[in-house]
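Biologist: I am new to this kind of picture and would like to learn how to read it. Could you walk me through it, one feature at a time?

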Amino acid sequence: TKQFVGNLPDDTTLMELFELFKPYGHINHQLCVVKEGNYAFIHYFSEKAAEQALHGVNGVWFRNRYLRVEYSVSSGHLAKKLEKSKFFYFPQILEN
């Protein structure tokens with residue numbers, strides 16, 4: 001299960017994040033990455049561990065910042081879901 005971690009200090013390392021997130025469960029280290037722009041992705045092997053980390057780390061004060069943790073949904077995955085959806089949205093056209 002993939003999580004987005006935002007509002008990180010610029011020089012945050014993966015090792016720091018592993019230390020912060022490891023109490024919640026087994027992390028898939030090979031899929032984790034810190035990106036430029038103050039964010040990272042942490043991957044857990046289990047949904048339960050990811051949920052515990054979400055509740056345990058979201059909003060935590062880390063190196064003078066409050067972290068933002070949420071489940072990650074890639075834009076490609078979201079597009080596939082929308083493509084398979086049976087529901088369509090048609091906005092109403094209002095006449096003046």
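Modeller: Gladly; let us begin with one side chain. A polar atom in the side chain of Asn-38 sits 2.8 Å from the backbone oxygen of Leu-8. This is a predicted model, in which local features need pLDDT of at least 70 and side-chain atom pairs pLDDT 80 or more, while totals for chains, interfaces and linings use all residues. Residues are numbered from 1 along each chain as its sequence is written, and side-chain values use heavy atoms, without hydrogens or water.

Biologist: Which side chain joins that of Asn-38 in a polar contact of 3.2 Å?

Modeller: That of Asp-10. A polar contact is a pair of N or O atoms within 3.5 Å; within protein, one must be able to donate a hydrogen and the other to accept it, and residues adjacent in sequence count only if both atoms are side-chain atoms.

Biologist: Where is the place of Asn-38, and what does Asn-38 touch, not counting residues up to four places away in sequence?

Modeller: Asn-38 is in the loop between strand S2 (33–35) and strand S3 (39–43). Helices (H or I, at least four residues) and strands (E, at least two) are DSSP runs, numbered from the N terminus. Leaving out residues up to four places away in sequence, Asn-38 touches Val-5, Gly-6, Asn-7, Leu-8, Pro-9, Asp-10 and Arg-65; a contact means heavy atoms within 4.5 Å.

Biologist: How many helices and strands does the protein have?

Modeller: There are 3 helices and 4 strands, and from the N terminus on they run β-α-β-β-α-β-α. Among contacts with a separation of 6 or more, 61% are between residues 24 or more positions apart.

Biologist: How do I read a helix, and which residues of helix H2 (residues 47–57) are buried?

Modeller: The general idea first: an α-helix has 3.6 residues a turn, so residues three or four places apart point the same way. In H2, the buried residues are Ala-49, Ala-50, Ala-53, Leu-54 and Val-57. They lie on the same side of H2 because they cover an arc of only 140° around the axis. Buried means under 20% relative accessible area, exposed over 50%, and partly exposed in between (1.4 Å probe, protein chains only); the arc is that of the directions from the helix axis to the C-beta atoms. Exposed Lys-48 and His-55 are on the face of H2 turned away from its buried side.

Biologist: What covers the buried residues of H2?

Modeller: The cover includes strand S1 (2–6), helix H1 (14–21) and strand S4 (68–71). Just after H2, Gly-59 takes a positive phi of about 85°.

Biologist: Which residues are buried in H1?

Modeller: Leu-17, Phe-18 and Phe-21. Their arc is only 105° around the axis, which puts them on the same side of H1. The buried residues of H1 pack against S1, S2, S3, H2 and S4.

Biologist: Which residues of the largest nonpolar core touch the most other members?

Modeller: A nonpolar core is a set of buried Ala, Val, Leu, Ile, Met, Phe, Trp, Tyr and Cys residues joined through side-chain atoms within 4.5 Å. The largest one here has 18 residues, and Val-5, Leu-8, Phe-21, Ile-27, Ile-42 and Tyr-44 touch the most other members. H2 gives the most to this core, with 5 residues. The neighbours of Ile-27 include Phe-18, Phe-21, Ile-42 and Tyr-44.

Biologist: How many salt bridges does the structure hold?

Modeller: It holds 4 salt bridges, each a side-chain nitrogen of Lys or Arg within 4 Å of a carboxyl oxygen of Asp or Glu. One of them pairs Arg-63 with Asp-11 (2.4 Å, N to O). Arg-63 is in the loop between H2 and S4 and Asp-11 in the loop between S1 and H1, so the pair ties together parts 52 residues apart in sequence. Arg-63 also meets Glu-16 in a salt bridge (3.1 Å, N to O). Asp-11 is exposed, at 53% relative accessible area, whereas Arg-63 is partly exposed, at 34%.

Biologist: What is the mean pLDDT of the protein?

Modeller: The mean is 84, and 77% of the residues reach 70 or more; pLDDT is the predictor's confidence in each residue, from 0 to 100. Over residues 87–91 the pLDDT is below 50, and beyond near neighbours in sequence this stretch has 0 contacts in the model. Where pLDDT is low, the predicted coordinates should not be read in detail.
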